[in-house]
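I opened the model to work through its strands and then its helix contacts. These are my entries, in the order I looked things up.

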Amino acid sequence: MSTPAAEHAVGRAEADGIAARARGLTKAYGSGETTVLALDSVDVDIMRGRFTAVMGPSGSGKSTLMHCLAGLDTVSAGQVWLGDTEITGLKDRELTRLRRDRIGFMFQSFNLIPTLNAAENITLPMDIAGQRPDQKWLDQVIDTLGLRDRLKHRPAQLSGGQQQRVACARALASRPELIFADEPTGNLDSRAGLEVLGFLREAVDDLGQTVVMVTHDPGAAAHSDLVLFLGDGRIVDEMERPTAEAVLERMKRFDTIRVTFDGGGAGAGGAIPGEGSGASSGSGAMAPDGGSGDVTLDKD
Ligand SMILES: Nc1ncnc2c1ncn2[C@@H]1O[C@H](COP(=O)(O)OP(=O)(O)OP(=O)(O)O)[C@@H](O)[C@H]1O
């Protein structure tokens with residue numbers, strides 16, 4: 001099920017400007033008649049220093065894409081690179097180390113440790129990995145996120161928005177090449193949600209980070225540079241410099257297609273009639289799930 005691009009690609013991707021890349025990325029769950037094709041030959045490039053949002057109907061493969069790009073899940077076919085390292089085929093131990101060193105995760109459930117204060121939560125993944133934080137960078141992150149006067153507070157003493165900021169700081173602390181954010185505003189009221197989106201935007205604009213965010217919210221997607229639209233396991237569209245209105249309009253087309261053709265769900269398995277082939281010329285990708293603390297706390 002791989003594409004010609006996947007067949008021709010060898011070991012290393014041209015890393016220049018590209019934080020993550022997939023070619024012919026295919027993921028099937030189950031076997032026989034119960035097989036679900038969650039991703040169907042996806043080609044995608046996530047550009048460095050950009051904020052990419054991933055949208056699509058429920059079941060379109062957003063989480064699966066994120067997990068495969070982040071090396072949290074195996075692929076059925078195709079190749080994935082983080083920078084110039086092909087991660088498909090890496091052994092678990094190598095993958096764990098690579099994730100720990102090069103990726104930051106932000107999940108809807110913040111995964112903060114209740115007994116640790118904010119400062120300790122922020123540096124925990126690095127502490128576990130035996131890495132010393134770059135204090136100058138850490139200070140910059142803490143100040144950018146407005147957490148300076150909250151560092152001694154435990155999660156229960158922080159508001160939801162502040163907790164999410166701590167989770168954001170934790171994802172940024174090791175200066176990862178790539179940050180995956182899964183519905184990072186999902187549990188927040190609109191003001192706190194806007195704050196977090198603003199911080200992710202600043203992480204890209206002011207700190208030069210690369211962010212990929214899965215969201216269902218057109219307003220959140222409007223904070224990105226590029227929106228990738230997934231439909232039935234394929235990238236069917238993309239939008240540069242999105243506005244909430246334009247994203248909403250595009251999302252409505254998924255509903256129209258579903259009603260017109262079968263009235264059913266958008267579960268993976270078939271292509272959306274009249275939509276693209278799944279080959280994206282643009283950047284980025286990935287998706288959600290509830291992610292668990294072990295992701296953040298990867299040990300070698
Ligand atoms: N572990 C699994 N076993 C079997 N099928 C799965 C598994 N994980 C996902 N799927 C299926 O793969 C397809 C894509 O799922 P995925 O979670 O990636 O979609 P999504 O776009 O993130 O959905 P949502 O917006 O609802 O979170 C769905 O049809 C889903 O049912």
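Entry 1, strand β4. I looked up the bridge partner of arginine 23 and found glutamine 79, in β4. I note here that the model is a predicted one. The pairing belongs to strands β1 (residues 18-29) and β4, which are antiparallel and share five bridges. I then followed β4 to strand β5 (residues 85-86) and found two bridges, also in the antiparallel sense. Here tryptophan 81 is set opposite glutamate 86 of β5. β4 and β5 make a hairpin, with two residues between the strands. I checked the turn and noted glycine 83, whose phi is positive at about 55°. For burial I went through β4 (residues 77-82) and counted five of its six residues as buried, so I list the strand as mostly covered.

Entry 2, the open sheet. In which order do the six strands of the open sheet lie? I read β6-β7-β8-β3-β9-β10, with mixed pairing. At the edges I have β6 (103-106) and β10 (234-240), each of which pairs on one side only. I recorded an average twist of 20° from one strand to the next.

I started from β6, which runs parallel to β7 and is joined to it by four bridges. Phenylalanine 105 faces phenylalanine 180 of β7 in this pairing. Helix α2 (residues 62-69) packs on the sheet, and I found that it touches β3, β7, β8 and β9 (226-231). The direction of α2 makes about 150° with that of β8.

I took β8 (residues 211-214) next and checked both faces. Val211 and Met213 lie on one side, Val212 and Val214 on the other, and all are buried, so both faces are covered. What does β8 pair with? I found strand β7 (residues 178-182), parallel to β8 and joined by four bridges, and strand β3 (residues 51-55), again parallel over four bridges.

I had the axes of α6 and α7 coming within 9 Å, with a crossing of roughly 20°. The two helices are therefore roughly parallel to each other, the cut-off being an angle under 35 degrees. I noted the crossing as right-handed. The α6 side of the contact consists of Gly160, Gly161, Gln164, Arg165, Cys168 and Leu172. The α7 side has Ala192, Glu195, Val196, Phe199 and Ala203.

I repeated the check for helix α4 (residues 118-129) and helix α6 (residues 160-173). Their axes come within 8 Å and cross at roughly 30°, and the pair is therefore roughly parallel. The handedness I wrote down for this crossing is right-handed. From α4 I listed Ala118, Asn121, Ile122, Thr123, Pro125 and Met126 as meeting α6. Their counterparts in α6 are Val166, Ala169, Arg170 and Ala173.

Notes: Residues are numbered from 1 along each chain as its sequence is written. This is a predicted model: local features need pLDDT of at least 70, side-chain atom pairs count only at pLDDT 80 or more; totals for chains, interfaces and linings use all residues. A residue is buried if 20 or more other C-beta atoms lie within 10 Å of its own, exposed if 12 or fewer, and partly exposed in between; C-beta atoms are placed from the backbone. Two strands pair if DSSP finds at least two bridges between them. Axes are lines fitted to C-alpha atoms, for helices over the stretch in contact, and angles run from 0 to 180 degrees between N-to-C directions. Angles under 35 degrees count as roughly parallel, over 145 as roughly antiparallel, 65 to 115 as roughly perpendicular and the rest as oblique. A crossing is left-handed if the near helix is turned anticlockwise from the far one by less than a right angle, and right-handed if clockwise. Two residues are in contact if their C-beta atoms, placed from the backbone, lie within 7 Å.
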